[in-house]
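These are my notebook entries on one structure, kept in the order in which I looked things up. I begin with the metal sites and end with the aromatic rings.

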Amino acid sequence: MLASVYAPKDFKRLRASGDLVARCFDFITPHIRAGISTGEIDRLVAQFLKENNARSSDLGYQGYPKNICTSVNDVIVHGIPSDDCILKDGDIVNVDLTAEYKGFHGDASRMFMIGNVTPNARKLVQVCQDALNAAISICAPGVPLSEIGKTIEAVVTPHGFSISRDFVGHGIGKVMHDDPQIYHFYDKRWDKVKMVPGLVFTIEPMINTGSAECKIDPDGWTARTVDGGLSAQWEHTIGITEDGAIIFTEKMMQ
Ligand code: MF3
Ligand code: CO
Ligand code: CO
């Protein structure tokens with residue numbers, strides 16, 4: 001059930017992979033503006049990973065055709081980068097990047113707001129980031145996994161936004177997707193499963209202005225809100241330490 005438990009020496013490697021993911025975000029961020037296509041962002045990521053001896057964990061995963069996922073506006077997750085998808089003023093876009101470096105995976109996603117974004121879209125993006133940070137802050141040995149979803153609900157629900165239930169966070173490390181599954185809503189089945197030192201997983205809440213329900217495009221990947229409402233997501237890879245949690249997918253200081 002807790003497959004993704006790692007030793008301290010592996011934490012160093014996970015830290016390095018996460019640092020590389022964060023640096024890749026820094027590399028692409030200045031380019032993410034009105035007029036760029038999501039296909040071009042994908043190529044920038046491919047270039048960065050190659051230059052840094054890393055590879056996309058997504059490319060080829062269950063036949064996935066690109067290096068990253070780019071989910072624009074009503075797309076919840078798994079938007080496929082395309083030269084035909086050009087970002088425009090007012091868009092919100094999630095870039096989700098998972099990279100393998102020296103045998104360990106780091107998985108993170110961030111939201112980008114293009115030009116003038118509506119106040120409600122801005123709020124959606126902020127509340128989602130707040131929910132992720134609140135969830136990370138309660139993680140520590142002995143804390144039930146169900147506290148993650150409970151914490152996210154407490155941040156999101158008062159704003160009237162919905163939480164997607166079709167996609168989960170996941171254990172990660174030597175493979176991209178491992179047990180345990182991490183729910184972004186309260187599920188009492190996880191009351192009895194407690195975090196332990198060495199456990200490595202992602203938290204990646206998806207929240208929506210309208211319905212939580214999703215539909216999948218004919219491409220078999222792109223998941224959108226059924227009602228066309230906006231969707232936001234933020235993701236980090238974290239590891240449980242003796243006294244809390246470390247965020248791997250942030251830049252290392254120095
Ligand atoms: N990065 C995604 C996650 O958060 C996984 C991408 S699935 C793929 O789990 F098919 F696009 F690779
Ligand atoms: Co991801
Ligand atoms: Co993930």
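Is Glu235 buried or exposed? I looked up its relative accessible area, which is 1%, so Glu235 is buried (buried means under 20% relative accessible area, exposed over 50%, and partly exposed in between, with a 1.4 Å probe and protein chains only).

Before going on, I noted that this is a predicted model, in which local features need pLDDT of at least 70 and side-chain atom pairs count only at pLDDT 80 or more, while totals for chains, interfaces and linings use all residues. I also noted that residues are numbered from 1 along each chain as its sequence is written, that chains are lettered from A and ligands numbered from 1 in the order in which they are written, and that side-chain values use heavy atoms, with hydrogens and water left out.

Entry: the cobalt ion (ligand 3). I found that Asp107 (OD), His170 (NE2), Glu204 (OE) and Glu235 (OE) coordinate this ion at 2.0 to 2.2 Å (donors are N, O and S atoms within 2.8 Å of the metal, or 3.2 Å for Na, K and Ca; water is not among the atoms, so sites may look incomplete). Along the chain, the donors of the cobalt ion (ligand 3) have the spacing D-x62-H-x33-E-x30-E. Glu204 is in the loop between β9 (200-203) and β10 (206-208) and Glu235 in the loop between β13 (231-233) and β14 (236-240), so the pair ties together parts 31 residues apart in sequence (strands are DSSP runs of E, at least two residues, and helices runs of H or I, at least four, numbered from the N terminus). Glu204 counts as buried, at 8% relative accessibility.

Entry: the cobalt ion (ligand 2). Its protein donors are listed as Asp96 (OD), Asp96 (OD), Asp107 (OD) and Glu235 (OE), at 2.1 to 2.4 Å. Asp107 bridges this ion and the cobalt ion (ligand 3), and the two lie 3.3 Å apart. Asp96 is in strand β4 (residues 92-101) and Glu235 in the loop between β13 and β14, so this pair ties together parts that are 139 residues apart in sequence. Asp96 also counts as buried, at 10% relative accessibility.

Entry: ligand 1. Of the 13 residues around ligand 1, I noted that Asp96, Thr98, His170, His177 and Glu204 come nearest (a residue is near a molecule if one of its heavy atoms lies within 4 Å of it). A polar side-chain atom of Thr98 is 2.9 Å from a nitrogen atom of ligand 1, and one of His177 is 2.8 Å from an oxygen atom of ligand 1.

Entry: aromatic rings. I looked up the aromatic pairs, and the count comes to 7 (rings of Phe, Tyr and Trp, the last by its six-membered ring, pair if their centres lie within 6.5 Å; planes under 30 degrees apart count as stacked, over 60 as edge-to-face and the rest as tilted). Phe11 and Phe248 form an edge-to-face pair, 5.1 Å centre to centre with 85 degrees between the planes. Phe11 is in helix α1 (residues 8-28) and Phe248 in the segment after β15 (245-247), 237 residues apart. Both Phe11 and Phe248 are buried. The ring centres of Tyr64 and Trp221 are 4.9 Å apart and their planes are at 85 degrees, so this pair is edge-to-face.

Conventions
Polar contact = N/O pair within 3.5 Å; in protein donor to acceptor, adjacent residues only side chain to side chain.
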